[in-house]
Amino acid sequence: ILDQGYAFKFIHAQNSASYVREDGLLNQHTHARLGIILYGSRPYSTLPTSLTEQNFTVTANVIQVRPIKKGETCGYSFQYKADKDCNIAVVDIGYGDGILKTRAKHDALINQKRYPIRGLMMSHMFVEVDDTIQSGDQVVMYGYDIRIDEFTFKGVGANSEQISALNHHSLIKEIR
């Protein structure tokens, strides 16, 4: 159907999902427009994580750790009310940096362990942590062990939505 009455030199109407699903180029296609798979995200949850390797990391820093008592609150409009005595890490990243509010319903990675995010504000967030976490520790929002596509499949937002929301003006970029 594509070539009825026309002679196309290039046909590239195929995206990452189609390329993976069809195991390569479709008939009569000369190119594929690979997008999200180039960032290391899987277009389908049924694909093995070994298919791609997330090729960027979004990190932040623990600014301070504060103890809070059962019943105390933190965050805009009392976002989080502690159900027990705990420690809250203040982290220097927020929705102003492009972290989607729905991402805050999940966890962050600190020192190779996952901790629940308890509040997300414009310039910072709160993470409930244990006694091993201290100021200066690195917090990984997205990376090799905490992939963007994991949160896509949890309903946070499409792979591209999470990536394009990142504020490239406020985040420090390091190319390695």
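## Ile93 and the main core

Ile93 touches Val58, Thr59, Ala60, Ile99, Leu120, Ser123, His124, Met125, Met141 and Leu171, leaving out residues up to four places away in sequence. The model described here is a predicted one. Ile93 is also listed with Met125, Val127, Val139 and Met141 as the residues with the most contacts inside the largest nonpolar core, which has 31 residues.

Two or more residues of this core come from each of β1 (58–68), β4 (86–91), β5 (107–110), β6 (113–120), β7 (125–129), β8 (138–142) and α2 (148–152). Strand β8 gives the largest share, four residues. Another core lies apart from this one; it has nine residues, including Cys74, Ile88, Val90 and Met121. In soluble globular proteins, nonpolar side chains tend to be buried together.

## Ile99 in the β4–β5 loop

Ile99 sits in the loop between β4 and β5. Its relative accessible area is 2%, so Ile99 is buried.

Met121 is 22 residues away from Ile99 in sequence, and the C-alpha atoms of Ile99 and Met121 are 9.6 Å apart.

Strand β5 is covered on both faces. Asp107 and Leu109 are buried on one side, and Ala108 and Ile110 are buried on the other. In a regular strand the side chains alternate between the two faces of the sheet.

β5 runs antiparallel to β6, and four bridges join these strands. Within β6, Pro116 is the residue opposite Asp107. The two strands form a hairpin with two residues between them, and in the turn Asn111 has a positive phi of about 50 degrees.

β5 also pairs with β8, again in the antiparallel sense, over two bridges. Here Ile110 has Val139 of β8 as its bridge partner. Val139 is among the residues with the most contacts inside the largest nonpolar core.

## Asn159 in helix α3

Asn159 belongs to helix α3, which covers residues 159–165. Asn159 counts as buried because its relative accessibility is 6%, and buried means under 20%.

Not counting residues up to four places away in sequence, Asn159 touches Ile36, Ser41, Arg42, Ile148, Asp149 and Thr152.

Terms used: Residues numbered from 1 in each chain as written. Predicted model: local features only at pLDDT ≥ 70, side-chain atom pairs only at ≥ 80, totals over all residues. Heavy atoms only, no water. Core = buried A, V, L, I, M, F, W, Y, C linked by side-chain atoms within 4.5 Å. Buried < 20%, exposed > 50% of the residue type's maximum accessible area, 1.4 Å probe, protein only. Contact = heavy atoms within 4.5 Å. Pairing = 2+ DSSP bridges.
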